[in-house]
Amino acid sequence: SLTIGIVGLPNVGKSTLFNALTRNNVLAENYPFATIEPNTGIVPLPDDRLPVLAKLVHTDKIVPATVTFVDIAGIVKGASEGEGLGNQFLANIREADAICEVVRAFNDDDIVHVNGKVDPADDIDTINTELILADMQTIDKALPKLEKDQRGGKIKPAYLDTVRKAKEILGQGRTIDQAAQAGDIDKDELYDLHLMTAKPFIYVFNVDDDELQNEDLKKQLADSVAPAPAIFLNAQFESELTELDEADAREMLTDAGLKESGLDQLARVGFDILGLQTFLTAGVKEVRAWQIHKGWTAPQAAGVIHTDFEKGFIKAEVVSYDDFVAADGSYAKVREEGKMRLEGKDYVMQDGDIVEFKTGI
Ligand code: GDP
């Protein structure tokens, strides 16, 4: 399954965030390199529709979609040269499908900052520079062979041009993701190089309570990383939230003037930048959100439920979540009202589709 690697300088709150995400208590020590082994945390994708459906179809079993986070060891200046766990860091990050960069914005004199001061822009620059340098090394290593392959007619000249363009972009201190979002390069063409900065980025600013209410500051930080998504949360607060039962957690959120926890926002945005979406099934056995890639067709979606379903696909019976709720969760009523759609093999799945697949097996 697709994973999101959590990266950041030491002491910015990665472990605190990760522990909150998984409700596990792995190391969260106040010193650099506290998190050496990569840890995996699988968290539910929040979906308010699932309990509504469960009630309507009278089931207790809810299976949400999930988002997988991997906690990656802290990065420092010089990581691209193999300094301070640098190589291990880079290997772990290469395996991730998206990068969640945790950036410290909170002020606390008791917590040492590796660069001596709290400066989000400078921290982002430090991390991204290491990733950019590592990508440049990847390209420099690949270029001689690509040039030879081009002379031998094994690759299209346009491919070599794109790789050179990528190097130029990195040389300007930009990530490939930023350049791709600006329309300057097509990152799909660079897929074979597995560049780290070509992965989608999310920025998590670990803020204190005052900063969380400071809209000007948040806008300024969000603008500094746009168009990559930015999330603002207080990792310590999030960690306390996860220790409460649901009712108390909700009360604590409301008291803090928040609608949704930062962790829920992170899971949602993470799921989205991985290019995933869900479709739903609702029956007496269970209500479930299944994860698929955006743009997948009905047979591909059916294949997620059971591999044989893709080949044996005949048609999909689809009702939208809203129509299903309006019909009180009765499939009979949905049909009566003409709200059940029959979709064929070219149908592209939409978020909120409640589906039953008809297959020939
Ligand atoms: P990591 O090295 O990035 O994994 O950072 P940790 O999660 O271990 O956090 C480093 C220290 O900062 C720990 O003592 C945490 O308790 C503390 N910390 C984490 N998040 C916050 C926060 O939001 N506010 C404050 N004041 N301290 C935090």
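This short talk walks through one predicted model, starting with the annotated sites and ending with a few backbone details.

Because the model is predicted, local features need pLDDT of at least 70 and side-chain atom pairs count only at pLDDT 80 or more, while totals for chains, interfaces and linings use all residues.

Let me start with the binding site, for which UniProt, in an unreviewed entry, lists Asn11, Val12, Gly13, Lys14, Ser15 and Thr16. UniProt positions are given in the numbering used here, feature names are shortened, and annotations may be inferred rather than shown by experiment. Two of these residues, Val12 and Gly13, sit in the loop between β1 and α1, where β1 covers 3–7 and α1 covers 14–22. Helices here are DSSP runs of H or I with at least four residues, strands are runs of E with at least two, and both are numbered from the N terminus.

Are Val12 and Gly13 buried or exposed? A residue is called buried if 20 or more other C-beta atoms lie within 10 Å of its own, exposed if 12 or fewer do, and partly exposed in between, with C-beta atoms placed from the backbone. Val12 is buried because it has 28 other C-beta atoms within 10 Å, and Gly13 is buried with 27. For contacts, I count two residues whose C-beta atoms, again placed from the backbone, lie within 7 Å. Leaving aside neighbours within four places in sequence, Val12 is in contact with Val102, Val103, Arg104 and Asn206, and Gly13, with residues up to four places away not counted, touches Val102, Arg104, Asn206 and Ala235.

A nonpolar core, as used here, is a set of buried Ala, Val, Leu, Ile, Met, Phe, Trp, Tyr and Cys residues joined through C-beta atoms within 7 Å. The largest such core has 59 residues, and within it Ile6 and Val204 touch the most other members. Val204, once its neighbours within four places in sequence are set aside, is in contact with Leu17, Cys100, Glu101, Val102, Val103, Ile231, Leu233 and Leu266. A second, separate core holds 23 residues, including Leu50, Phe279, Phe309 and Val355.

Next comes a helix pair. Helix α4, residues 120–151, packs with helix α5, residues 157–171, at an angle of about 155 degrees, with their axes 10 Å apart. The axes are lines fitted to C-alpha atoms, for helices over the stretch in contact, and angles run from 0 to 180 degrees between N-to-C directions. The two helices are therefore roughly antiparallel to each other, a label that applies to angles over 145 degrees. Among the α4 residues that meet α5 are Ile132, Met136, Ile139 and Leu143, and the α5 side of the packing includes Leu160, Val163 and Leu170.

Turning to the other annotated region, the unreviewed UniProt entry places a TGS domain at residues 275–359. Over that stretch the chain is 29% helix and 38% strand, and the end C-alpha atoms are 27 Å apart. Lys315 belongs to strand β10, residues 313–320, and is partly exposed, with 18 other C-beta atoms within 10 Å. Not counting residues up to four places away in sequence, Lys315 touches Leu342, Glu343, Gly344 and Lys358. Lys315 and Ala256 are 59 residues apart in sequence, yet 48 Å apart in space from C-alpha to C-alpha.

Which residues have a positive phi although they are not glycines? One is His194, at about 50 degrees, in the loop between α6 (176–181) and β6 (201–206), and His194 counts as exposed because it has 12 C-beta neighbours inside 10 Å. Another is Asp328, at about 55 degrees, which is found in the loop between α14 (321–326) and α15 (331–336) and is exposed, with 10 other C-beta atoms within 10 Å. There is also a cis peptide bond joining Ala226 and Pro227, with omega about 5 degrees, and Pro227 lies in the loop between α8 (215–225) and β7 (230–233).

Note on methods:
Residues are numbered from 1 along each chain as its sequence is written. Angles under 35 degrees count as roughly parallel, over 145 as roughly antiparallel, 65 to 115 as roughly perpendicular and the rest as oblique.
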